[in-house]
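Hello,

Here is the structure you asked about. My notes follow below it.

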There are 2 protein chains.
Amino acid sequence: MFTTFRGGQSGGWKVTSVARIKGETLPKVAALSVIASEAIALPLLPSQTSWRLAGVLSHLRYTETAEKEQLAAAQAGLGRPEATHAALIPIRKSAEWWELTQDERRKIFEDKSQHIAGTVKYLPAIARQLYHSRDLGVPFDFLTWFEFSPEHVPLFDELVGMLRATEEWAYVEREVDVRVIRED
Amino acid sequence: MFTTFRGGQSGGWKVTSVARIKGETLPKVAALSVIASEAIALPLLPSQTSWRLAGVLSHLRYTETAEKEQLAAAQAGLGRPEATHAALIPIRKSAEWWELTQDERRKIFEDKSQHIAGTVKYLPAIARQLYHSRDLGVPFDFLTWFEFSPEHVPLFDELVGMLRATEEWAYVEREVDVRVIRED
């Protein structure tokens with residue numbers, strides 16, 4: 001039920017870069033592990049040489065019925081053999097965002113920022129999974145994990161560049177971009 | 001940030017009843033404590049003689065702007081001296097509910113069940129606070145805490161009776177109704 005991303009000395013994914021996008025970054029580590037578990041111990045505090053970020057698979061927050069069907073038809077699952085590149089992007093949004101009501105957030109998310117409509121064209125090349133961490137006392141609200149093949153690295157850069165230019169992104173107050181390559 | 005409801009031998013609230021409404025009940029305990037904390041240890045497992053349920057104050061999930069303003073104008077806060085009666089109602093909804101999309105859930109929540117419009121008339125007599133626990137690995141999705149004065153007990157019974165007759169309530173698979181009175 002919970003997924004923990006552990007940055008440290010060893011793990012199934014080799015870290016190629018840890019980039020500060022907005023706010024405080026995370027310590028650069030050598031490797032990343034992705035661990036599924038039924039329970040987690042909170043709080044998860046980062047140290048200077050390692051960090052753990054936990055999230056949970058949760059229900060859809062903004063997606064409407066037609067969009068869910070469109071995404072289901074287009075998307076790829078995690079774990080494809082050719083998807084040897086991945087990215088972990090933890091994000092925290094501002095208090096201002098969370099004080100908005102559901103209709104106000106949905107309007108910014110989709111009507112103005114096209115978070116769903118604008119990203120469908122990156123499927124199935126980019127597989128992604130969103131984990132929620134806001135209610136877990138973690139210093140981020142979301143952990144998004146993306147997997148893609150080496151030739152789709154430029155496409156992934158385009159995707160995150162597009163998202164960072166939206167009105168929705170103005171509400172992001174912390175974002176780190178961790179790139180990894182699968183260990184053989 | 002987190003609030004833990006601990007049922008056990010002692011606490012600030014005397015338990016007058018623990019009623020099974022749907023699904024498995026909770027063990028009957030003598031007293032209830034309400035504890036705020038910055039961190040919780042998970043999982044929180046019930047024993048035969050005590051239980052702990054943790055939730056988190058989170059953002060609004062369905063409320064729209066006009067509704068938020070209407071509620072803000074009508075509602076009372078917790079801790080009123082005259083509100084010596086209270087109820088803790090933990091609820092879990094079905095997997096079917098959580099697989100619905102946001103628009104489908106909102107339609108059942110408000111258009112069909114009038115969860116907001118139908119409950120405004122119980123304000124400010126009944127003060128309430130919703131805590132989210134679904135993402136915490138707790139066996140309930142929500143913990144709702146209600147406070148009211150002794151003369152409003154029948155009004156509170158009417159409120160929960162009304163909610164249990166809605167279409168939304170068909171998606172509830174577990175509900176326990178814990179009534180308490182403040183210790184002098």
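**How the copies meet**

Of the interface residues of chain B, 100% are also interface residues in chain A, so the copies meet through the same surface. Contact here means that the C-beta atoms of two residues, placed from the backbone, lie within 7 Å.

Please note that this is a predicted model: local features need pLDDT of at least 70, side-chain atom pairs count only at pLDDT 80 or more, and totals for chains, interfaces and linings use all residues. Residues are numbered from 1 along each chain as its sequence is written, while chains are lettered from A and ligands numbered from 1 in the order in which they are written.

The contact takes 25 residues from chain A and 25 residues from chain B. On the chain B side, α1 (65-74) and α3 (102-112) are the elements that give two or more residues. The most come from α3(B), with three residues. By type, the chain B side divides into eleven nonpolar, eight polar and six charged residues. (Ala, Val, Leu, Ile, Met, Phe, Trp, Tyr, Cys and Pro count as nonpolar, Asp, Glu, Lys and Arg as charged, and the others, Gly among them, as polar.)

Chain B superposes on chain A by a rotation of 180° with 0.0 Å of shift along its axis, RMSD 0.0 Å. The two copies are thus related as by a two-fold rotation axis.

**Chain A**

Chain A has four helices and eight strands. These are DSSP runs, numbered from the N terminus: helices are H or I, at least four residues, and strands are E, at least two. From the N terminus, the order is β-β-β-β-α-β-α-α-β-β-α-β. Its C-alpha atoms fill a box of roughly 45 × 35 × 30 Å along the principal axes.

Of the 184 residues of chain A, 31% count as buried. Buried means 20 or more other C-beta atoms within 10 Å of the residue's own, exposed means 12 or fewer, and partly exposed lies in between, with C-beta atoms placed from the backbone. A:E24 sits in the loop between β2 (13-22) and β3 (31-37) of chain A. A:E24 is exposed, with 11 other C-beta atoms within 10 Å.

**Helix α4 of chain B**

Which residues of α4 (153-163) of chain B are buried? They are B:F156, B:L159 and B:L163. Seen down the axis of α4(B), they fall within an arc of 55°, so they line one face of the helix. The arc is that of the directions from the helix axis to the C-beta atoms. These buried residues pack against β5 (85-93) and β7 (142-148) of chain B. The face turned away from the buried side carries the exposed residues B:P154 and B:G161.

Best wishes

Conventions: Copies are superposed by least squares on the C-alpha atoms of residues with pLDDT of at least 70 in both.
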